[in-house]
Amino acid sequence: KTLLLQLNDAGDVIGVIDNGNTPSAEELRTLQGRTTITRIDLAGASLDDAIMAALPNVSGLRILTLSSSNVNDRQLLNLDSMPLLAELRLNDTHQLREGLLCLAPLPQLQQIDLTGCTWLTDDHLQFLVDSPLLTSINLSHTAVTDKGLACLRELPLLRQVMLVGCPRVTEETLEYLADHKSLAQIKMPGSGLTLSAVSEFL
């Protein structure tokens, strides 16, 4: 089993890609100090505690994809040791229960994808408020509600919100976000919006 690496035009290693070949913890440890590595893609990977504990060794990591993996709450705690993380993809992860509730704030986080996370509730959204650099949030196909989404008003740099297939989200959320100065895009098909509410917002 070999590590699949992503190179830039200059030949620098900038990423690690799972591609059905999950790297071992030992392989990840060999990347310690390699600050050119900015992304690791473990989508669909079968993760264990050792692999997740080795991730902080990649000190320049900025983009982490754990989509459709079996990551659990205990393993997710390792993200607390990744201060430069700017983009986190947790979409379609189903082994989490506490999820974001067990994480300390990620001060550099700019984008997060939580599509299809059935464990996600309004309580988890406080984590987003503690990440003031967030510009893009995808909460599609989750159980979030208007009450929880009120916290999005506290994110000054927010530009994109995805709420596709969120039936408990109504025009109340549009009212929360109507005066948001930086918000450029909000997608809500399949939500609890009425056509008249959409027309008024536009």
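Author: The model is a predicted one, in which local features need pLDDT of at least 70, side-chain atom pairs count only at pLDDT 80 or more, and totals for chains, interfaces and linings use all residues. Residues are numbered from 1 along each chain as its sequence is written, and side-chain values use heavy atoms, with hydrogens and water left out.

Asn91 lies in the loop between strand 5 (87-89) and strand 6 (111-113); helices (H or I, at least four residues) and strands (E, at least two) are DSSP runs, numbered from the N terminus. With a relative accessible area of 14%, Asn91 is buried (under 20%; exposed is over 50% and partly exposed in between, with a 1.4 Å probe and protein chains only). Beyond its neighbours within four places in sequence, Asn91 is in contact (heavy atoms within 4.5 Å) with Ser67, Ser68, Asp113, Leu114, Thr115 and Cys117.

A second polar contact, of 2.8 Å, links the side chains of Ser136 and Gln160. Ser136 belongs to strand 7 (residues 136-138) and is buried, its relative accessible area being 13%. Once residues up to four places away in sequence are set aside, Ser136 touches Gln110, Gln111, Ile112, Leu158 and Gln160.

Leu64, Ile112 and Leu152 have the most contacts inside the largest nonpolar core, which has 56 residues (buried Ala, Val, Leu, Ile, Met, Phe, Trp, Tyr and Cys joined through side-chain atoms within 4.5 Å). At least two residues of this core come from each of helix 1 (25-29), helix 2 (49-54), helix 4 (126-129) and helix 6 (171-177). The contacts of Ile112 beyond four places in sequence include Leu88, Leu100, Phe127, Leu128 and Leu134, as well as Ser136.

As for confidence, the protein chain has a mean pLDDT (the predictor's confidence in each residue, from 0 to 100) of 84, and 82% of its residues reach 70 or more. Where pLDDT is low, the predicted coordinates should not be read in detail.

Definitions and conventions: A polar contact is a pair of N or O atoms within 3.5 Å; within protein, one must be able to donate a hydrogen and the other to accept it, and residues adjacent in sequence count only if both atoms are side-chain atoms.
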